[in-house]
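Visitor: I am new to this structure. Please take one part and look at it closely with me.

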Amino acid sequence: MIIYKTPEEIELMREAALVVSKTLGEVAKEVKPGVTPLQLDKIAETCIRDQGAIPGFLGLYDFPNTLCTSVNEQVVHGIPTNTPLEEGDIISVDCGAILNEFYGDHAYTFEVGEVDPEIRKLLEVTKECLELGISETKVGNRISDIGFAIQQHAEKHGYGVVRELVGHGIGKTMHEDPQVPNYGRRGRGKKIKNGLTIAIEPMINMGTERVNQLSDNWTIVTADGKPSAHFEHDVAVVDGHAIKLSTFDYIYEALGIKK
Ligand code: MG
Ligand code: MG
């Protein structure tokens with residue numbers, strides 16, 4: 001059952017999402033060769049708690065950390081390790097927080113130092129997929145129109161769209177209805193209505209769409225070992241259109257990226 005939110009609840013959710021956006025901005029400042037994912041995890045936990053919020057992933061389904069950190073061929077759900085990042089790596093950082101009883105859930109794939117142009121392209125296209133999915137999130141459309149737009153764009157570039165993991169409704173629980181796949185045909189699934197709050201999160205692989213899970217029972221990796229990218233925003237449908245509750249602005253500021 002989809003839980004539609006009131007405008008007041010959406011404002012509370014925006015505050016929760018922004019806790020995560022600011023946290024990813026702090027993480028962005030520290031992503032560089034030699035830094036370990038566990039160090040990033042500590043930075044994130046401190047930043048979330050300093051904002052009066054609670055890490056949203058820590059303990060959720062028994063996950064052991066504040067961040068999911070997924071390096072190179074890892075798609076999502078990587079557990080932060082003590083292995084230093086290396087020049088040319090990419091690291092997908094997914095972060096959740098609870099504020100005002102609502103969850104924020106938000107992810108960005110960072111470049112570590114100088115990254116191969118082919119991999120930069122994967123990141124750019126995945127970010128474009130996210131924007132296209134958001135622009136399809138409007139009254140008059142159905143849930144599958146989001147995935148249709150994402151899949152078309154990714155496959156146009158020869159990339160694989162992960163099927164096993166999907167976006168989701170978000171609110172007072174991290175994962176609510178509906179599921180929001182990153183693939184699909186037009187015009188399927190629930191109609192999009194005002195008050196819908198969802199996390200849209202394309203997971204796009206440079207090669208095959210197929211993935212495996214490591215023996216830690218968390219980390220998802222590409223079946224062919226090629227890199228994968230993941231970007232995620234929380235959005236709400238207001239006055240017929242999606243508005244972003246989270247923002248990459250803090251990340252862009254930290255990285256000196258002009259929009
Ligand atoms: Mg997430
Ligand atoms: Mg999510």
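Visitor: Let us take aspartate 105. Is aspartate 105 buried or exposed? Please start there and follow its surroundings.

Guide: This is a predicted model. In it, aspartate 105 is buried, because its relative accessible area is 2% and buried means under 20%.

Now to the metals. Aspartate 105 coordinates both the magnesium ion (ligand 1) and the magnesium ion (ligand 2). These two ions are 3.2 Å apart.

Distant parts of the chain are linked here: aspartate 105 is in strand 5 (residues 102-111), while glutamate 232 is in the loop between strand 13 (228-230) and strand 14 (233-238). The two residues are 127 residues apart. Glutamate 232 is buried too, because its relative accessible area is 0%, under the 20% cut-off.

Next, the magnesium ion (ligand 2). Asp105 (OD), His168 (NE2), Glu201 (OE) and Glu232 (OE) coordinate this ion, at 2.0 to 2.2 Å. The spacing of its donors along the chain is D-x62-H-x32-E-x30-E. Glutamate 201 lies in the loop between strand 9 (197-200) and strand 10 (203-205), and aspartate 105 lies in strand 5, so this pair ties together parts 96 residues apart in sequence. Both aspartate 105 and glutamate 201 are buried.

Strand 5 (residues 102-111) also leads us onward. Phe102 is one of the residues in contact with lysine 5. Lysine 5 lies in the segment before helix 1. Lysine 5 is buried, with a relative accessible area of 7%. Its side chain makes a polar contact of 3.0 Å with that of glutamate 176. Another polar contact, of 2.8 Å, joins the side chains of lysine 5 and threonine 197. Beyond its neighbours within four places in sequence, the contacts of lysine 5 also include Ile170, Gly171 and Gly195.

Helix 1 (residues 7-30) has 24 residues. From first C-alpha to last, helix 1 reaches 35 Å, close to the 34 Å expected. An α-helix has 3.6 residues a turn, so residues three or four places apart point the same way.

Methods
Residues numbered from 1 in each chain as written. Chains lettered and ligands numbered in written order. Predicted model: local features only at pLDDT ≥ 70, side-chain atom pairs only at ≥ 80, totals over all residues. Heavy atoms only, no water. Helix = DSSP H or I, 4+ residues; strand = E, 2+ residues; numbered from the N terminus. Expected span 1.5 Å × (residues − 1). Donors = N, O, S within 2.8 Å, 3.2 Å for Na, K, Ca; no water. Buried < 20%, exposed > 50% of the residue type's maximum accessible area, 1.4 Å probe, protein only. Polar contact = N/O pair within 3.5 Å; in protein donor to acceptor, adjacent residues only side chain to side chain. Contact = heavy atoms within 4.5 Å.
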